[in-house]
Amino acid sequence: MAGPSRRLLLAAAVLGSCLQPAPAQSHIALTPDPPPAPQVGGAVTLALQPPQSLAVCTWYRAAESVSSAEILTYVQDKGQRNGPSYTGRETGRPDCSLHITGLMLNDSSPYFLWMPTTGSKITVTLAVYGMLSQPKVTLPNPMVVENRTLKLTCEAPSRTETLLWDHDGYVVVPGGRVGLSPGNRTLTVQGVCRDDAGNYTCEVRNPVSHNRSHPVTVTVAYGPDAATVAPPGPLDRAVGSALGLMCEAGSVPAPRYGWFHNDTELSGAGETLNLTELGWGQQGTYRCVVHNPVTGLTAASRPLDLRLWEMLLQPKVISSNFTVVENRTLNLTCEAPPSTETLLWDRDGSVLVPGGRVELSTGNRTLTVPGVGRDDAGNYTCEVRNPINTVRSKGVIVTVIYGPVAAHITLTGPLHPLLGDNVTLTCAADSFPAPQFHWSHNGSDLVPALTSAVLSLVLRGAEQTGVFECHATNPHTGRRATTSVSIGLGPGLGQQAGSLSGGTIAGIIIGTLVGLGLLVFVFYYFWGQSKRHSKKPVQTGSRTPVAPHGPDVTRSGPLKQEEEVSYSSVAFRAGGLQTPRPQGPAKADTTVYAEVKKNSRGCCNPDREVPAQPGGVVGLGRLEGSLQPPAMGTRPWGGILLAAAVLGSCLLLVLAQTHITVTPDPPPATVVGGAVTLTPQPPPQPSLVACTWYRAGEFEIFTHRPEGGATLSHGPGYTRRETGGPGCSLRLGGLRPSDSGPYTVLLGMPGNGHSISVHLAVLEPLDPPAVTFSSDTMLENKTLELTCEAPEGAETLRWLHSDSILVPGSRVRLSPRNRTLQLRQVSRGDAGDYQCEVQKGISHIRSRAVTITVIYGPEIVHIIPQGPLALPAGEKVNLTCMADSVPAPQFTWSHTSHMVPAQTSTSTGAVLSLVLMGMEQTGIYKCCATNPRTGFIATTSISITLGSGQGGPSLVAGVVAGVALAAVALGGTLAYVLFRHCRRKTPRDSKEPPQVYENLPSPACMGAVAQPGSSLDPTYQTLQLGAGDLYQELWT
């Protein structure tokens, strides 16, 4: 080669030698044993990547080729030649890699590889890690005043790669008031608040170890907050009682307390001020003052007023006379103790209010009722009150004397008994006390004189007829009332001659009603018959052509009542007979028609015929069939199905969208201390290369690679509480409030990587609140007060009564922040369960229900059965007294006899049982209901007299008579119906004998009988009439 060609080849060789270092793109890979990083005592291999075939290579423990730092030179086919820096732990390999065993910390250094044949030079740095020692947290002062600055320093060992701060188990993240120095060695918190108090630790990490410091406790000094005194005022206490006052104020450290009474400081008192045997000199105003020596702040409570009272003694009701004549004036005075603040008057459990005839003096000490009426009688009490107790006087009975009025005799006249009848007349009058009676006959007093309320006599003759008068006198009022009855001879006792008893009248009414009912039934029956007969078909005047008979089709059952059929014309003929046939059974060649059968309408098919059945009955066809869907090509179904298919494909695309499911453990929500699993949906494809989870979009938690044994590598967002699961899921345990925020998973697939995000909210569980009260029983019209004891930091949302939300109104009052519920003028409808509901953040919870009972009554007192009662002698009666009251009332019965006005008997219990043996048990029975809790009393009464009782002989006889009349009317009606029925069955006389009809084929225009499955409407097959036929009845 000469000339230019040689020069070109030389240039190409030179250029080729320059291009040889192109493998400088190569690098040295470190392979620790064990992984994940070189550590003291382990081994590491430094290998050229990608591998190359080199004749000679030299390793140096330095950043360049220094002869004193040469470790070894490896020559192919000759082996290893050691240099000055060789320690006996290094080994060269044919691929020019360097393997070092027994690693020590001083092995950490740059390593230089020189390849003489190619002139390549590559440097790599080896870092050998050892186990980290425990770090230590230092701070200048463990107590920091609120709103000052907190600074903490972590003394970390060398070889620390990562340093994290922890506050009460939560990782501290810089931001807001929190700052970290470079390397995180110093933690600074500006404007310290109370929540910054707690335990702090620092944690150091490198690839092969981690260690945590001992916790240091930081105390935040604050307060005192607003001071309050419990119990709140104003306070009312009895003289001689004890009282304890407690001062409450939020403060760290605990403050110093001071107490003042009427602005005079009390010595020796701390957080609690105890007052024993209260005296009049201890009334006044109290307040407490608290001081924090660290913050230098002082707070004082609001003044609290203390008032002292004496315990009330029982008052007494006095009067000049507790027995008052009607229309006179009643005066009652209440002797009340001097500490009385309020005085109330009560009659029979009802509070008396000034107005009308009721007058009260100043202070209510005297009650005056002018123009006393009978309703003013009863039990009177006065009640005295002050803020510490209530006392009621003993009841005094006020009696109102009146009458007699409304005198009457139990048997109303005129009376017409028969000779020899025993007549008993009972005189009664409304009077208190019970009046005195005497009788007169025809204007003259009876001899001997009769002073009883009952007059008994046996009618012996006309001398015992006439007018009998009863005179009732009240010796206290001086009043007199008279009534009379006329007795004459007649047909019976207790009714006028010719009159009807009540029982007879009742029987006549019953019989009349039954008779009217039967007449309505007969009319309806024959009207129905006439309607059926009016449906006879009309005779056609022409003969109908006959079609040939078709195949035999029979019906599976008779026509049902609800089956609707349509009729065609019906024609008859005489079966080919030219002369009337004699009466008698039909011959073999004739057919007697038992019923007219259905045929098909709208199908004119002369080739189908219906043969006659034995006995002349034409068979029926059963209608069968099914609804078939219309063809796609002839109906709009095709378009509808096409639209549905398109819509379904769209829905499939929507459902294919990806998301992350949040599964809390335990359910139903993610709460502090629990766990949660985040799972991508739908599950990743099998071709998934790797998935990476991020916290807050930038802090990597871990990367999961399913291939090669499913490796998991941690990132800076890993807190040792995260684990990977199937389907690339993330499980996070030991949840904290700081775990709330966005989470993102990056799914890596060949050519199709994408990410999915979800926001996680961690809730702090709330302790349930408690409802407190002074008493769970409340008198009606009093004030109920409930308090909701809620956890710290929670807000009272609402109050509920029997699961219904209470809204502030005229009677419902709520304190600021809704902590206290006040219900004024409590009524019985306010009884039930009460709850309060509180909220903190987005968590809310209800308290346990407390049951409030409202005490009231008694009211609506009544006796069952209702009176007045007139009972025969010897009959037993049970009187039941009932009243609306909570708690259940106590019942007392009393009886005042008309015969012995001065005698009174009592009984206890809601039921009074008695057997009426004589007049001494008649009269007024009074039930008195008392509620021991309210002190109220309510009464009612019933009158019992001797009489015939209910359902006497006349009533029974009348009912029997009425039933007999009804039975006669029923029998007559049934007999008439049977007679009409038998007459219709008997053939009527006729000049011509009845015709016997035979089957005819159906006319050609009518078509064949409907076959099973046919959808044709059924009609009746045509029957043709012969000449000279006689129609009697045609039944459809």
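Helices (H or I, at least four residues) and strands (E, at least two) are DSSP runs that I number from the N terminus.

**Ground rules.** I'm working on a predicted model, where local features need pLDDT of at least 70, side-chain atom pairs count only at pLDDT 80 or more, and totals for chains, interfaces and linings use all residues. Residues are numbered from 1 along each chain as its sequence is written, and side-chain values use heavy atoms, with hydrogens and water left out.

**Ser-133.** I found Ser-133 in the loop that runs from β9 (120-126) to β10 (136-138). Skipping neighbours within four places in sequence, I get Pro-157, Val-204 and Asn-211 in contact with Ser-133 (heavy atoms within 4.5 Å).

**Whole chain.** I count five helices and 72 strands in the protein chain. Of its 1036 residues, 37% are buried. Taking contacts between residues at least 6 apart in sequence, I see 63% joining residues at least 24 apart.

Conventions: Buried means under 20% relative accessible area, exposed over 50%, partly exposed in between (1.4 Å probe, protein chains only).
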